[in-house]
Amino acid sequence: MRPALINKHPIQPELWRDLPLGEDLKFLIETQISEVSRKFFGYHLVRLGNLSSQVELPSCPIKHQINITSKMHSYSNIVASSADLPISENSVDAFLLAHELDFANDPHQILREVDRTIMPNGYLIITGFNPLSLCGLFKYLPFNKGSVLHDARFFSCARVKDWLQLLGFEVVDVKRLLFNELFLHRKFNAPSKWNLWCHQNLSVFTSMYVIVARKREIPLSLIKPNWKAKTKFSPVGASVRSGAMQVETTLKNEK
């Protein structure tokens, strides 16, 4: 398995159109996460990274939505590194990471920062490219050499889920999207019997996935010790000992 930490910083797309069929991918993701975004609650939602900052969430009840990017753009609210967020602990109610891990040199540190700043029971949505797909295969082939997808990391869904569970997140749902190699710019086909059969039987080979997770924290509760006496109290034994002491005292006085 390739290490998650690398020295090279992958080229990050600034706009969705920098990706093959990027606008279509953005619309597909918005459609898929629209329903779950209605379950968000709280005061602050952070869209982390360039692509996340451009995803619209009109159904989300959290109105204060902050866009954090590593460079200044027209859609930026805060300029900061995803691996070092200028946010206090336990202050964010929801995070959106749209392919942010795919273009990171240290995805572990990004997730640690999310874990540090997210509220207990807060929501986290991660989208990623699947290495077990046609898109993952074409990444290593000389197709569309100028595409930033060649720089994408393509972490598997199972691997990202393991990282989340180690940090105490509960994976609530996983959605698998799209059968397309992307590099050839072939438009998405309308739903057909073949696509439906593939989603039902070959979902592990979809080009993208969406992970919905929540931060879980089990509250600590004090356990009162159940103290037990080693010997049971016997009123008969106590009376016998009391009588013996009285006899002993009488004998001493007589002497």
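1. Start with one residue. Gln65 lies in strand S2. Keep in mind that the model is predicted.

2. The side chain of Gln65 comes to 2.9 Å from the backbone oxygen of Ile62. That is a polar contact, because the cut-off for such a pair of N or O atoms is within 3.5 Å.

3. Now look further along the chain. Which residues does Gln65 touch, leaving aside its neighbours within four places in sequence? They are Leu45, Arg47, Leu57, Cys60 and Asn77.

4. Turn to the strands. S2 covers residues 64-69, and S1 pairs with S2 in the parallel sense. Five bridges link S1 and S2.

5. S1 has another partner. Strand S4, residues 92-98, runs parallel to S1, and three bridges join them. Here Arg47 stands opposite Leu96. Arg47 is also among the contacts of Gln65.

6. Is S1 mostly covered or mostly open? Strand S1 spans residues 44-48 and is mostly covered. Four of its five residues are buried.

7. Step back to the whole protein. There are seven helices and seven strands. Along the sequence they follow the pattern α-β-α-β-β-β-α-β-α-α-β-α-β-α. Of the 255 residues, 44% are buried.

8. Two more totals complete the picture. Take the contacts between residues at least 6 apart in sequence: 72% of them join residues at least 24 apart. The protein exposes about 15000 Å², and carbon and sulfur atoms supply 58% of that area.

Key. Residues numbered from 1 in each chain as written. Predicted model: local features only at pLDDT ≥ 70, side-chain atom pairs only at ≥ 80, totals over all residues. Heavy atoms only, no water. Buried < 20%, exposed > 50% of the residue type's maximum accessible area, 1.4 Å probe, protein only. Helix = DSSP H or I, 4+ residues; strand = E, 2+ residues; numbered from the N terminus. Pairing = 2+ DSSP bridges. Polar contact = N/O pair within 3.5 Å; in protein donor to acceptor, adjacent residues only side chain to side chain. Contact = heavy atoms within 4.5 Å. Areas by Shrake-Rupley, 256 points an atom, 1.4 Å probe, with all protein chains shown as cover.
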